[in-house]
Amino acid sequence: MSTLTAATLPEPPLVDLPLRQVLHHVRHYHTGLEVFRDQFGPVSRIRIAPRVLPPFAFVTSPQGMHDVLTASGEDVDKKTVFHKQTWLWGWNVFNMVHEDWVPRRRILQPVFTKKHVESFTGHMAKSADEVAAEWADAGRISLNSATRSLTLRVLGRSLFGLELQHDAPVLEQAVEDQLFYITKRGTAPVRAPVWLPTPQRARFRRNVAVVKEIAERGLRVAEAGGDAELVQKLRDARDPETGAQLSRQAIIDELNVFLLAGHDTTATTLAYTLWQLGRHHELQDQVAAEVADLDLSAVTDAVMKTLPTTMKVLHESLRLCPPAAAIGRSATRDIEVDGFRLAAGTQIFLGLYALHRDPAIWGADAAEFRPDRFDEPEGGHKNRWAFLPFGGGHRSCIGDHFAMIEAVIALAALVQRLRFTSVEEEFPLALPFTMTAGGPIPAHVERR
């Protein structure tokens with residue numbers, strides 16, 4: 001990526017499709033960006049109402065991912081139409097612009113070191129054990145709802161010192177409604193001003209209040225000396241350069257987004273993985289054998305490296321069903337992206353779903369679930385910028401290690417004790433904002 005040579009480069013090709021089709025593909029930006037990639041190349045652009053709206057660019061190549069995600073905060077920022085809709089969540093490490101994000105990330109980064117995250121494994125193991133016992137008695141479950149209940153239990157205990165599984169139905173609906181609202185506004189060609197009161201915005205605020213109440217509850221637990229490990233770590237955190245601490249409101253803002261992100265994304269990864277293993281019993285049995293003697297409360301980064309089949313299965317699930325189908329950025333200066341010039345102000349969509357399923361990178365069977373592809377010496381995973389389940393560059397997901405340890409512990413606990421058989425041949429996908437299941441995912445469950 002270079003700002004010096006960008007002026008001499010061509011602009012990306014325009015998406016030459018009827019406006020209705022363009023808007024449909026933008027709204028369905030997982031499969032839609034595959035269409036743009038196949039018809040117009042790995043970098044393309046659209047102009048809708050150029051006097052009113054900024055240009056939009058779509059990037060699906062590893063080089064393009066590298067160029068955007070490694071760009072400096074002065075060249076590329078998060079000032080996108082999506083992130084401008086998230087201000088009601090509070091200002092946090094997810095949606096802050098660069099100049100505010102830098103000191104916030106400095107404070108938070110030590111809280112999410114591998115050593116700190118691995119101190120939560122006891123909570124994760126206990127929750128997974130309890131859920132495995134409950135599922136064994138159920139006989140048949142819906143994987144998406146059941147895994148959300150599990151991840152909420154983990155987050156409640158490790159983040160807030162709370163038992164949140166009973167909040168699951170209300171919280172699940174509140175989170176989903178918020179995310180759909182953000183996506184609908186972010187992909188609308190024209191939207192009402194943020195200050196204009198509407199029924200939809202009033203509902204959004206009510207749903208934000210549901211999540212915020214849980215964050216405030218957890219903070220009160222920590223303030224009273226209760227077992228809210230992550231909240232306490234946030235209260236104790238200091239900026240290593242300035243010594244500044246997070247205000248009470250800043251802690252609540254961060255807890256809001258941790259709950260939003262951590263509840264839905266890991267649950268979908270687990271649901272998708274169990275659905276695939278329920279269709280591939282031989283592979284399921286291999287994972288079960290590999291984790292049969294695993295001490296769930298002592299899973300670390302080093303331990304995960306001794307579980308090659310388990311990790312390949314999870315990575316393949318993250319490839320086919322990434323938590324974020326796309327990442328948004330905005331060019332604040334003219335920049336070069338994979339040989340093209342993107343003008344300042346361009347809204348950039350990085351299509352991770354399209355990247356992960358590109359046959360040019362992953363082979364003709366790119367859409368198939370085949371974990372052994374991560375063993376191939378020349379496979380797509382060898383390109384650092386072709387597999388980005390948690391993003392990349394300096395604004396990659398701060399909770400990636402937490403998510404992976406949680407997924408390994410949960411998957412291990414479940415397949416140690418249970419055998420899954422998927423009922424449906426398809427896993428419907430939805431895009432409320434992150435990638436989620438588009439409906440119930442039924443599965444039969446029996447004891448091993």
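Predicted model: local features only at pLDDT ≥ 70, side-chain atom pairs only at ≥ 80, totals over all residues.
Lysine 312 is buried, at 14% relative accessibility, where buried means under 20% relative accessible area, exposed over 50% and partly exposed in between (1.4 Å probe, protein chains only). Residues are numbered from 1 along each chain as its sequence is written, and side-chain values use heavy atoms, with hydrogens and water left out.

**Overall picture**
- There are 30 salt bridges, each being a side-chain nitrogen of Lys or Arg within 4 Å of a carboxyl oxygen of Asp or Glu.
- One network of salt bridges joins Glu316, Arg319, Asp365, Arg370, Arg373 and Glu376.

**Lysine 312 and aspartate 372**
- These two residues form a salt bridge, their closest N and O atoms being 3.3 Å apart.
- Lysine 312 sits in helix α14 (residues 308–320) and aspartate 372 in the loop between α16 (359–362) and α17 (400–417), 60 residues apart; helices (H or I, at least four residues) and strands (E, at least two) are DSSP runs, numbered from the N terminus.
- Aspartate 372 is partly exposed, at 46%.

**Aspartate 75 and arginine 333**
- Their side chains meet in a salt bridge at 3.2 Å, N to O.
- Aspartate 75 lies in the loop between α3 (62–69) and β3 (76–77) and arginine 333 in the loop between β5 (326–331) and β6 (335–337), so the pair ties together parts 258 residues apart in sequence.
- Aspartate 75 is buried at 7%, whereas arginine 333 is partly exposed at 42%.
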